[in-house]
Amino acid sequence: MRVLFKDVGNPVRSMVIPNELGVMQQLVDGYIEIITLLDDLVIICNEEGRINGMKKNFRIDALNDFVFGPALFVGADGEEFCSIQEEH
């Protein structure tokens, strides 16, 4: 599936990855947390990024909070992950 990957201190880049939990966990360096941005767009990040001392990556104004550590922007179709849509 096509995702956008944002690592700390680096620009966002497009990637194609398998839709597998293990791959997503490896990319965010731990257990995943899902943050819903829109019905069809989520952020996948490390659920313990803050408490594990990962650096701030970017701010989510709507939540008045930061994402710590690497993050993926992924499409969502109900409860399933899918390729991110071009308009995002």
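1. The lining of the largest pocket holds seven nonpolar, four charged and two polar residues. Nonpolar here covers Ala, Val, Leu, Ile, Met, Phe, Trp, Tyr, Cys and Pro; charged covers Asp, Glu, Lys and Arg; the others, Gly among them, are polar. A pocket is an open set of points on a 1 Å grid over the protein atoms alone, where a 1.4 Å probe fits, with protein on both sides within 12 Å along at least five of seven lines; lining residues have an atom within 4 Å of a point.

2. Basis. This is a predicted model: local features need pLDDT of at least 70, side-chain atom pairs count only at pLDDT 80 or more, and totals for chains, interfaces and linings use all residues. Residues are numbered from 1 along each chain as its sequence is written, and side-chain values use heavy atoms, with hydrogens and water left out.

3. Pocket geometry. The volume of the largest pocket is about 160 Å³. Volume means the space filled by probe spheres set on the points, with grid points joined across faces, edges and corners. Of its 13 lining residues, E33, I35, R50, D65 and F66 lie nearest the centre. Strands β3 (32-38), β4 (41-46) and β6 (65-68) each supply at least two lining residues. β6 gives the largest share, four residues. Strands (E, at least two residues) and helices (H or I, at least four) are DSSP runs, numbered from the N terminus.

4. Cores. The largest nonpolar core has 16 residues, and I17, M24, I44, L72 and V74 have the most contacts inside it. α1 (21-28) is among the elements that each supply at least two residues of this core. α1 gives the most, with four residues. Another core, of 11 residues, lies apart from it and includes I35, I60, V67 and F73. A nonpolar core joins buried Ala, Val, Leu, Ile, Met, Phe, Trp, Tyr and Cys residues through side-chain atoms within 4.5 Å.

5. N57. This residue lies in strand β5 (residues 56-60). N57 counts as buried because its relative accessibility is 12% (buried is under 20% relative accessible area, exposed over 50%, partly exposed in between; 1.4 Å probe, protein chains only). Its side chain reaches the backbone oxygen of K6 at 2.8 Å.

6. S83. This residue sits in the segment after β8 (80-82). S83 is partly exposed, at 29% relative accessible area. S83 and M1 are 82 residues apart in sequence, yet 4.5 Å apart in space, C-alpha to C-alpha. The S83 side chain reaches the backbone nitrogen of R2 at 2.8 Å.

Terms used:
A polar contact is a pair of N or O atoms within 3.5 Å; within protein, one must be able to donate a hydrogen and the other to accept it, and residues adjacent in sequence count only if both atoms are side-chain atoms.
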